[in-house]
Amino acid sequence: MNLDHRPQYHFLPVANWMNDPNGLIQWKGIYHLFYQHNPVGACFGAMHWGHASSHDLVHWRHLPIALAPTPDGADCDGAWSGCAVDANGVPTLIYTGVHPQVQCLATSDDDLIVWQKDPANPVIAEPPTGLAVTGFRDPCVWRDDGLWYMILGSGQQGVGGLILLYRSSDLHDWEYLGPLLEGRLDETGHNWECPNLLPIGDRHLLIFSPEPLRQAHYYIGELDGHRFRPKAHGLLDYGGLYYAPQAFTDQGGRRICFGWLPEGRSSEAMAQAGWAGVQSLPRLLSLSSKGALEQRPIPELEALRRSHQTLEAHALANCEGTVVAGRMLEIDVEMNVGSATSLGLQVLRASDGSEHTTLLFKPAEGRLYLDTRFASQDPGAEGRLTSAPLDVMDGLLRMRVYVDHSVVEVFANERVCLTGRSYPTRADATGVALLSDGGSAVLSRFDCWTLATIWSPN
Ligand code: FRU
């Protein structure tokens, strides 16, 4: 058996380990994606910044490693996560050097390929005095009214997660302004990683990834001086395998977000595969008219569509068996919930049902479930059952489901996302089946496309 679980239209490096997206920026029209990368193994190791560029956020070109640890430098044990800014025409990376955790700068000329570390590194050498921090990393920097602002992920021992706010006129001298937001240990863990703050609609979106919860949280709220006032809370993805996302604003003013999809399998399996970690699809973030966060796949992904299949609208029977098949699919489905007690679909389904990944909406609970517990007969693959709250106010369940070998990424009602990892062992685990139970439900729309790889020009 030689089944390839390597995704073909989600971004990943040629080989070895990847985690967080870093330094997302559109520079002179070209998108740049940097990422946490161990170039010598499919396991977490001395962190480098890998680099790729794209004209459309879909097709990527691998570029040389942008940052490597400098022996005896402030980042000698790793160049950890951070961001990219346009500093008066100079591309500038702001990132965390370890150990200890300190903040560093690197600049490039116009091509963003070769980076020089700033001789002044580290530009922030220690946490604010008097704070017993659990972490001090992952700068997110923006410019406002001629000044630079930075937030850092942190936490206070015994208290909870924390985001620290700084200000500077030149990216070198930083003044600590105080905590932007504090969390509670029992609610959102002890240390917040990878904070992101950006305006969205007439509000601000704050994203952070709390340890040990391993989920990407967000708040929609308001900036009130140097404090953030949270209003609405949610998870950017409810599948449990989406972490440390980074959002940025492109030159067209769109808010776009990538997140790291960790593997759901053993470290031995990762070592054997020779790669580990995938980037999510680029997601378009917006606010609904009621101020709720919306997430959609970016429209550029439609360029990957190849052969198209539709199904006629019809009342759903209990389980309709395989309606289409494939391991690189986009499924766009709309179901009228009716009186069904559960409805949804299965993907990566073996013909005898012995392996399957299930998406099931339960109207009475108002939850959409993603179940990968039966996705693989390989005991090294970690299946899980996760769920997202979902209101189908108009009685219509709408799902965009992306299957890409071991990735199943779902956008439901433009509102919630669930991403899972599935590692089928059977060659025939490619089927898509429709499910409904306990009443009447109607399939009102079904479109399915096979999708092309992002790595070839066809
Ligand atoms: C999040 C994270 C960051 C850190 C980086 C190291 O996944 O732990 O806090 O900068 O990964 O690779």
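Author: His99 is found in the loop between β6 and β7 (102-108), where strands are DSSP runs of E of at least two residues, numbered from the N terminus. The peptide bond that leads from Val98 to His99 is cis, with omega near -15 degrees. This is a predicted model, in which local features need pLDDT of at least 70 and side-chain atom pairs count only at pLDDT 80 or more, whereas totals for chains, interfaces and linings use all residues. Residues are numbered from 1 along each chain as its sequence is written, and side-chain values use heavy atoms, with hydrogens and water left out.

Strand β6 (residues 90-97) contains Thr96. At 0% relative accessibility, Thr96 is buried (under 20% is buried, over 50% exposed and in between partly exposed, with a 1.4 Å probe and protein chains only). The side chain of Thr96 is in polar contact with that of Gln103, at 2.8 Å. Such a contact is a pair of N or O atoms within 3.5 Å; within protein, one must be able to donate a hydrogen and the other to accept it, and residues adjacent in sequence count only if both atoms are side-chain atoms. A polar side-chain atom of Thr96 also lies 2.9 Å from the backbone nitrogen of Asp138.

Of the 13 residues around the ligand, Asp138 is one of the five that come nearest, together with Asp20, Gln36, Arg137 and Glu193; a residue is near a molecule if one of its heavy atoms lies within 4 Å of it. An N or O atom in the side chain of Asp20 is 2.7 Å from an oxygen atom of the ligand. For Gln36, a polar side-chain atom lies 2.6 Å from a ligand oxygen, and for Asn19 the corresponding distance is 3.0 Å. On its own the ligand has 320 Å² of accessible area, of which the protein covers 94%, as computed by the Shrake-Rupley method with a 1.4 Å probe. Two or more residues of the shell come from each of β1 (16-27), β5 (79-87), β9 (133-144) and β17 (243-249). By residue class, the shell holds six nonpolar, three polar and four charged residues.

Lys28 is placed in the loop between β1 and β2 (30-38), and has a positive phi of about 50 degrees although it is not a glycine. Lys28 is exposed, with a relative accessible area of 60%. Leu171, in the loop between β11 and β12, likewise has a positive phi, near 70 degrees, but Leu171 is buried at 5% relative accessibility. Most residues other than glycine have a negative phi, and most peptide bonds are trans. A further cis peptide bond runs from Glu211 to Pro212, with omega near 5 degrees; Pro212 lies in the loop between β14 (203-211) and β15 (217-224).

The aromatic residues deserve a separate account. Rings of Phe, Tyr and Trp (its six-membered ring) pair if their centres lie within 6.5 Å, and planes under 30 degrees apart count as stacked, over 60 as edge-to-face and the rest as tilted. The count by this rule is 18 aromatic pairs. Trp142 and Tyr149 are stacked, because their ring centres are 5.9 Å apart and their planes at 15 degrees. Tyr149 is buried, at 13% relative accessible area. Tyr166 and Tyr176 form a tilted pair, with 5.3 Å between the centres and 50 degrees between the planes. Tyr166 belongs to strand β11 (residues 160-168) and Tyr176 to strand β12 (residues 175-182), so the pair ties together parts 10 residues apart in sequence. Tyr166 is buried at 3%, whereas Tyr176 is partly exposed at 30%. One aromatic cluster is formed by Phe11, Tyr35, Trp60, Phe258 and Trp455.

Charged groups also meet aromatic faces. Arg265 lies over the face of Trp275, 5.1 Å from the ring centre; a charge sits over a ring if NZ of Lys or CZ of Arg is within 6 Å of the ring centre and within 35 degrees of the ring normal. The charged end of Lys362 sits over the ring of Tyr369, at 5.1 Å from its centre. Asp371 lies in strand β29 (residues 367-371) and is buried, with 11% relative accessibility. The side chains of Asp371 and Arg373 are joined by a polar contact of 2.8 Å.

Notes: Helix = DSSP H or I, 4+ residues; strand = E, 2+ residues; numbered from the N terminus. Nonpolar A, V, L, I, M, F, W, Y, C, P; charged D, E, K, R; others polar.
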